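Here's a quick tour for anyone meeting this structure for the first time. Have a look around before reading on.

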Amino acid sequence: EIHIKEPIEKEVNPRLLPGELLLCEASTVYKYMQEDGLNRGTYGKLVCTNFKISFLDDDSASDDNEPQFKNKIVGENDITLQCVDQIYGVYDEKKKLLTGQLRKYPEKLIIYCKDLRVFNFCLRYTKEEEVKRIVSGIVHHSQTPKLLKRLFLFSYAAAAPNNTDGRNQTVMFETLEDWRDELERTKGNVRYKAVTTNEGYRVSEKLPLYFVVPICISEESILKYEGRGIPIWCWSCHNGAALLKMSTFPKEQDDSTSQMQKAFLDGIYKTISKPPYELLKLDDLSSSLPSLQDIQTAYTRFKQLFLIDNSTDFWATDVKWFSLLESTNWLEIIRRVLKKAIEVAECLEIQHTNVLLIEETATDLCCVISSLVQVMMDSYSRTKSGFQSLIQKEWVIGGHGFLDRCNHLHQSEKEEAPVFLLLLNCVWQLVQQYPPAFEFTETYLTVLSDSLYVPIFSTFFFNSQHQRDTNKDGESLKTQSGPFRFLTVWDWSVQFDPKAQAFLNNPLYAEKPKPEKSQQKTARFKHQRQLSLPLTQAKPSTKRGFFREETDHFIKNILGKRIGKFINSADDPPNSLREFYDSWHSKPVDYHGLLLPRIEGPEIKVWAQRYLRWIPEAQLHGGGTIAIAAKILELMEEVQSLQVKMDEEHSQAVSGDVHSVHMLRNSARLSSLFPFALLQRQSVKPALPTSTWKDLEDEDDLVKRDDEFVDLSGDML
């Protein structure tokens, strides 16, 4: 049975961005609803531009069905070319992966997206010539290798008006002053300095223009091995202990070079570690955490559980959901990463020991652990602007290879790994465990993960600051010539209007009270005292992770010698770590102090909003956390209105986010996956366990019964 809407009476044309060009199109394309086996859907036009694949039906021309949370750049039926994961063609009911040149064209097209949407298009009623053009165009522009300058990022930057500043209090870490301000904020300027040695990228193209090193490191040392083997500062704890990272030397060196490098490292370590006043622990992440290949394999298995395009597949998967989830190993990797971050936090907070993270390039797992530690230990990183500044510092300027790891150019699948997504998954665990500690919401994290694939922002489309700077020069359509002005993703007004941006802010965030002047003086004095006294109790130095025996072991690994892995995820953490973990969790949570995630098995959860948002069967209409949030926002509005009545002089204190209350209250059928779920969709089967469903399969009245209306203004709490 096919339900066909009335033919489109007027021509629907795609809304093109500046610099966006229409490449190919096909009319009379039938788009299936991702709902059930009834083949319901709508006819429309399928187009491909140099930015996106888009389906246009008669609803696209009207604004009557505007979603409450609308992205101004990427619509509900738009797929950016970078967001396309895999494309399958259906030939005689058999699926075949489409790549390269096609000899035969399919009758049905299935597009799997990196944000886990699935689109089904029937081409049976489309003209043969149009089918050839649209299928070839989509496969070519989304799957074949590209040159960097062919990204839509450059077309948009050349054509778009430069009318946004885009900083929004986010520190970009592009200037020396930004680094010095960060040192001052964390009180790290006593032992560390921002250096200009890499100006003109004369040290290394992989390092940023400016970075921070221990004050005792000379410019000659930095230049000697192109920045390798140099501890680079990430962050300083309130007690003076610092988090550092370091890239290793190339493997396969001859003996004389290895000896020189070993002596160089010995010298570097001796300048940093001065027991008992200052201790250092080395942590080789390549040995203690899963490899990038393991992470990629786990995520590939994990995402397959959510790329579901029909109800039958969902219910078949539902029967063995937990065993399938466990077999992917993705949640176990998240647990191990969180555990490693707790270990580092314990060294900094309790042992007052500097921690040096070691990795081959120091731009992948180093970024994950250093960012997580800062989110856990520094409440500033839990604000919206602070978190954005953290991503700029550790990832964008820090040299994470977004272009390679996201495989934006389709040049090498071997380099692909969801490292940044791993961080967002770990941060989400903290956000859902301690909501009042974060100024942003899980919706913010979901939108940020989607922005990885929107190539109008430069934030996630370069491998390094050097690569971005060297590709800035180009012909601009507006100014004849001159450098491109790339947008940054942190200007959320580009994607969302103010009402939609309200969903990114947490109304229950417990803002940090400003300390009085007397308290500020006390805190400053305490910090100075801690710097001048021994930082640890009298214990053998070998347990602190530094000196001769342990350094030799790590130096061998840094120089490229293989060592056996010594991590067993099944083992219990060491006693000191277990005591630290249990002791913290036995006390009330200080939302502006240290946060430790709960990492026992059941506590590590699936990020439902991101992974289940497009699956109708997974939605709870009128239920879930959004129903509670709606009630809380309503109460907040009432309290705020009473506050205004009590003191009209402070009426400006009413939050600007209150309009979101009205949006929620006026929604008759909110989904638990709001604001991403399509509210009009509903599953043909009730959300019951499969065994129960089979027992009730003959009960037509249960199947056909519509969900009852839920009044969110009622007693939901």
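Which helix gives the most to the lining of the largest cavity? That would be helix 7, with 4 residues. Keep in mind that this is a predicted model.

**The cavities**

Searching the whole structure turns up 8 cavities of 30 Å³ or more. In the largest cavity, 17 residues make up the lining, and those nearest its centre are Tyr 299, Glu 416, Pro 418, Leu 421 and Tyr 453. Two elements give two or more residues to that lining: helix 7 (292–304) and helix 14 (419–433).

As for the second largest cavity, its lining includes Val 396, Ile 397, His 400 and Phe 402, and also takes in Ser 458, Thr 459, Phe 462 and Arg 468, among others.

| Cavity | Volume | Lining residues by kind |
|---|---|---|
| Largest cavity | about 200 Å³ | 9 nonpolar, 3 polar, 5 charged |
| Second largest cavity | about 80 Å³ | 4 nonpolar, 6 polar, 1 charged |

**A pair of packed helices**

Now for a helix pair. Helix 10 (residues 330–349) packs against helix 20 (residues 575–585) at an angle of about 90 degrees, and their axes are 10 Å apart. The two helices are therefore roughly perpendicular to each other. On the helix 10 side, Ile 342, Glu 343, Ala 345 and Glu 346 make the contact, while helix 20 brings Ser 576, Leu 577, Phe 580 and Tyr 581. Sorted by kind, the residues of this contact come out as 5 nonpolar, 1 polar and 2 charged.

Notes. Residues are numbered from 1 along each chain as its sequence is written. This is a predicted model: local features need pLDDT of at least 70, side-chain atom pairs count only at pLDDT 80 or more; totals for chains, interfaces and linings use all residues. Side-chain values use heavy atoms; hydrogens and water are left out. Axes are lines fitted to C-alpha atoms, for helices over the stretch in contact, and angles run from 0 to 180 degrees between N-to-C directions. Angles under 35 degrees count as roughly parallel, over 145 as roughly antiparallel, 65 to 115 as roughly perpendicular and the rest as oblique. Contact means heavy atoms within 4.5 Å. Ala, Val, Leu, Ile, Met, Phe, Trp, Tyr, Cys and Pro count as nonpolar, Asp, Glu, Lys and Arg as charged, and the others, Gly among them, as polar. On a 1 Å grid over the protein atoms alone, a cavity is a set of points where a 1.4 Å probe fits but cannot get out, and a pocket is an open set with protein on both sides within 12 Å along at least five of seven lines; lining residues have an atom within 4 Å of a point. Grid points are joined across faces, edges and corners, and a volume is the space filled by probe spheres set on the points.
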